[in-house]
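Please keep the sequence and the structure in view while reading.

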Amino acid sequence: MTERSLAPGRHAANQLERLRILLVEDDEGDAFLVRELLSEADAPFDLTVVTSLREATKMLAGIECVLLDLGLPDAEGIDGLRKLLAVAGGAAVCVLTGRSDEHLGVQAVAEGAQDYLVKGQVDGVLLIRSLRYAVERKRADENARLLREVELRQAESARLERGLLPQPLMQTTEVTVETFYRSGRAMGLLGGDFFDVVQVGDDRLHLIVGDVCGHGVDEAALGVELRVAWRALVLAGVPEEQVLPSLEQVLMSERRAREVFATVASAVIDLPGNRATVRLAGHPPPVVLSGGRVAPVSARTGIVLGVRPTPTPATELEFSGHDWSLLMYTDGLIEGHTGNTGERLDVDGLCKLMLEPEAQRMPVPSLPAWLVSRADKDNGGPLTDDVAMLLVSRGGGR
């Protein structure tokens with residue numbers, strides 16, 4: 001049964017949202033009374049009446065509020081309320097009963113009812129107001145629940161993403177390694193950039209910094225796959241000149257589209273020999289700090305991984321003295337603008353930043369974070385791309 005109330009003479013009533021109400025009441029007299037009370041309020045509503053809980057469960061689609069009598073042929077008391085709440089979904093449930101029992105009312109609300117109303121103690125205005133408030137409370141509860149679910153999912157994703165960032169696998173005390181990572185992806189902790197450090201034996205330290213083109217979750221996942229594959233190849237003892245070609249095979253088999261490529265900078269540091277072998281696959285060169293000077297490594301650059309499988313040339317780097325740092329980074333660090341000129345920071349600008357007095361006074365472990373902060377400032381806001389850095393230092397680091 002459906003009842004419709006119109007209030008043509010009242011502008012405020014016409015502005016109210018039409019309330020869709022389901023009355024679960026087996027007493028025809030009480031059902032008639034509820035219709036009359038709702039009509040008194042001059043508020044727009046649609047009322048459907050059913051006489052059992054079984055009928056009610058079939059009529060919940062599109063209903064915003066359920067008025068439930070606690071004395072039904074197929075459900076009695078709180079047990080009936082529990083059964084209705086289990087299937088009510090987004091509908092608010094209000095108890096309307098002849099039992100003036102404060103304890104029962106408290107219990108009903110505790111179970112999840114939005115309100116507890118006693119027949120004969122409410123007029124039309126109070127009834128319609130209570131129902132509207134109940135609907136809004138239910139909506140607020142649902143929004144809070146959804147927000148909480150989103151927060152939990154975000155927290156879970158954050159824990160997962162943090163867990164995917166590597167911990168350097170090294171035992172040597174000859175050098176120290178500082179890492180920095182910041183995703184350019186909104187609400188994400190992990191982007192397409194990746195890095196890793198693995199020591200093999202007592203004298204060789206393997207390092208990699210890479211960048212998968214793109215900024216989405218697919219690129220982030222591929223970056224993790226490449227990092228894990230690289231670590232496995234190094235630990236398996238694959239010859240150095242075969243590591244990047246093998247990594248390229250992984251990239252080409254796992255990428256979602258043929259257009260996806262990756263740039264990579266790798267280095268193998270010979271600790272006793274105080275030298276390194278550097279390989280660049282379309283990646284900006286590492287920067288060396290030594291003897292008060294800062295300069296990029298003059299390394300030959302191969303093509304990016306994933307375009308045309310080609311051996312990546314190796315460049316031998318000799319460190320002068322035992323006080324130096326090697327900075328490896330992704331291009332997100334150097335692609336920001338420098339002031340109003342519109343120019344990019346680029347490698348030369350990065351070297352100049354590292355020669356500034358403030359950078360020279362900066363403790364070496366704090367240098368990566370300072371560089372990003374300074375690049376953000378010169379860019380006029382946060383850098384838009386992912387940034388990954390490895391800073392390997394020996395002795396004083398400069």
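A pocket is here an open set of grid points with protein on both sides within 12 Å along at least five of seven lines, whereas a cavity is a set of points where a 1.4 Å probe fits but cannot get out. The model is predicted, and the largest pocket in this structure has a volume of about 180 Å³. The structure also holds four cavities of 30 Å³ or more, and two aromatic pairs are counted.

**The largest pocket**

- The lining of the largest pocket is made up of 13 residues, and those nearest its centre are Val288, Ser290, Arg293, Ala295 and Ser320.
- Two or more lining residues come from each of strand E14 (287-290), strand E15 (293-296) and strand E17 (314-318), and E15 gives the most, with four residues.
- By class, nine residues of this pocket lining are nonpolar, two are polar and two are charged.

**The largest cavity**

- Seven nonpolar, two polar and two charged residues make up the lining of the largest cavity.

**The second largest cavity**

- The second largest cavity has a volume of about 70 Å³, and of the 13 residues that line it, Leu165, Leu190, Asp193, Phe194 and Val224 are the closest to its centre.
- Strand E10 (193-200) and H7 each give two or more residues to the lining of the second largest cavity, with H7 giving the most, four residues.
- The lining of the second largest cavity divides by class into nine nonpolar, two polar and two charged residues.

**Aromatic pairs**

- Tyrosine 181 and phenylalanine 195 form a tilted pair, with 6.2 Å from centre to centre and 45° between the planes.
- Because tyrosine 181 lies in strand E9 (residues 175-182) and phenylalanine 195 in strand E10, this pair ties together parts that are 14 residues apart in sequence.
- Tyrosine 181 is buried at a relative accessible area of 16%, and phenylalanine 195, at 4% relative accessibility, also counts as buried.
- The ring centres of phenylalanine 319 and tryptophan 324 are 3.7 Å apart and the planes are at 5°, so this pair is stacked; phenylalanine 319 and tryptophan 324 are both buried.

Notes. Residues are numbered from 1 along each chain as its sequence is written. This is a predicted model: local features need pLDDT of at least 70, side-chain atom pairs count only at pLDDT 80 or more; totals for chains, interfaces and linings use all residues. Side-chain values use heavy atoms; hydrogens and water are left out. On a 1 Å grid over the protein atoms alone, a cavity is a set of points where a 1.4 Å probe fits but cannot get out, and a pocket is an open set with protein on both sides within 12 Å along at least five of seven lines; lining residues have an atom within 4 Å of a point. Grid points are joined across faces, edges and corners, and a volume is the space filled by probe spheres set on the points. Ala, Val, Leu, Ile, Met, Phe, Trp, Tyr, Cys and Pro count as nonpolar, Asp, Glu, Lys and Arg as charged, and the others, Gly among them, as polar. Rings of Phe, Tyr and Trp (its six-membered ring) pair if their centres lie within 6.5 Å; planes under 30 degrees apart count as stacked, over 60 as edge-to-face and the rest as tilted. Buried means under 20% relative accessible area, exposed over 50%, partly exposed in between (1.4 Å probe, protein chains only).
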